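The structure is shown first, and the notes follow by topic.

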Amino acid sequence: MAIELFNQDGHVCLMFAHLSDEGGDAVQANQFLVIHGDTGAIIDPGGNMAYNELLLTIGRFFPPSKLSKILASHADPDIIASLDRWMTSTQATLYISRLWERFAPHFCKPGKTQGRIIGIPDPGMRIPLGNTELVALPAHFMHSEGNFQFWDPVSRILFSGDLGVSMGTSLDASSPVTSLAAHIPKMAAFHRRYMVSNKVLRLWANMARSLPIQMIVPQHGAPMAGAAVQEFIEWIGTIDCGVDHLTQANYAVPA
Ligand SMILES: [Fe+2]
Ligand SMILES: [Fe+2]
């Protein structure tokens, strides 16, 4: 079942939390569908486990062949491993960082991505969707070197990729968190290891404060809404992570 994050005047934001194989080895992951009138975009469609249900859900709104955009926050397998199937069943264009533009075709059969990938430049860009747009916001090194988040100015949802993720089950992910304190233990270890440095988190927080964000929706775990949005923006700038912790001891030849 899709989780409806927003639905107003033909603009619908859906989240899928249960399509990765939690009984197996795969980490819980969320996929997103933004419908606008008779077109739409999928955000971080994930691996092959999620493909069938996403395609069926799109078909409830418009023929999947009319899907116009595939937005990828970065190039990890849980983000875009199903690219070959999407390139086959739709006419959609993939938007991904310029850093990954020539790497993403490795997920596909030769020629499948010809003329269908737009490399997002480092400063980000506005991506048209029907008569609205989605905004690719720079989120480099959070965690990937070429990394974007997608801001929807209609719903005011920030699809934050791997920033703000929490580790748990699809049930944990299915309802928004509105107060951050009790949620931090599910987020802290991931951010300390996967985020590259405190410096980039503080720069990101400054950018995030300039946006009217209704909800921060990460690619793993629960959305953050209400007071948790600003609490997260303040918390994330306070953590040391990634290279902040490293010493020579981390770069020693194993015994
Ligand atoms: Fe990732
Ligand atoms: Fe991820």
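In this predicted model, His-143 has a relative accessible area of 16%, which makes it buried because the cut-off is under 20%. Asp-162 is buried as well, at a relative accessible area of 2%. Both residues are donors to the iron ion (ligand 1), and Asp-162 also bridges to the iron ion (ligand 2).

**Iron ion (ligand 1)**

- The iron ion (ligand 1) is coordinated at 2.0 to 2.2 Å by His-74 (NE2), Asp-76 (OD), His-143 (NE2) and Asp-162 (OD).
- Angles among the four donor atoms run from 90 to 176°, and the site is irregular.
- The sequence spacing of the donor residues is H-x1-D-x66-H-x18-D.
- His-143 sits in the loop between β9 and β10, and Asp-162 in the loop between β11 and α4 (170–173); this pair, 19 residues apart, links distant parts of the chain.

**Iron ion (ligand 2)**

- Asp-78 (OD), Asp-162 (OD), Gln-219 (OE1) and His-220 (NE2) coordinate the iron ion (ligand 2) at 2.2 to 2.3 Å.
- This site is also irregular, with angles of 79 to 168° among its four donor atoms.
- Its donor residues follow the spacing D-x83-D-x56-Q-H.
- Asp-78 belongs to helix α2 (residues 77–80) and His-220 to the loop between β12 and β13, so this pair ties together parts that are 142 residues apart in sequence.
- His-220 counts as buried, with 4% relative accessibility.

**The iron pair**

- The iron ion (ligand 1) and the iron ion (ligand 2) lie 3.6 Å apart, and Asp-162 coordinates both.

**Helix α6**

- Helix α6 (residues 198–209) has twelve residues, which at 1.5 Å a residue should span 16 Å; the end C-alpha atoms are 17 Å apart, in agreement.
- Asn-198, Val-200, Leu-201, Trp-204, Ala-205 and Ala-208 are the buried residues of α6. They lie on the same side of α6, because they cover an arc of only 155° around the axis.
- In general, an α-helix has 3.6 residues a turn, so residues three or four places apart point the same way.
- Lys-199 and Leu-203, on the other side of α6, are exposed.
- The packing partners of the buried α6 residues are β9 (132–138), β10 (148–152), β11 (157–161), β12 (215–218) and α7.

**Helix α5**

- Helix α5 (residues 184–194) has Met-187, Ala-188, Phe-190 and His-191 buried.
- These buried residues of α5 pack against β13 (224–225) and α7 (227–236).

How values were computed: Residues are numbered from 1 along each chain as its sequence is written. Chains are lettered from A and ligands numbered from 1 in the order in which they are written. This is a predicted model: local features need pLDDT of at least 70, side-chain atom pairs count only at pLDDT 80 or more; totals for chains, interfaces and linings use all residues. Side-chain values use heavy atoms; hydrogens and water are left out. Buried means under 20% relative accessible area, exposed over 50%, partly exposed in between (1.4 Å probe, protein chains only). Helices (H or I, at least four residues) and strands (E, at least two) are DSSP runs, numbered from the N terminus. Contact means heavy atoms within 4.5 Å. The expected span of a helix is 1.5 Å times one less than its number of residues. The arc is that of the directions from the helix axis to the C-beta atoms. Donors are N, O and S atoms within 2.8 Å of the metal (3.2 Å for Na, K and Ca); water is not among the atoms, so sites may look incomplete. Four donors count as tetrahedral if all angles lie between 85 and 135 degrees; four count as square planar and six as octahedral if opposite donors are over 155 degrees apart and all others between 65 and 115; anything else is irregular.
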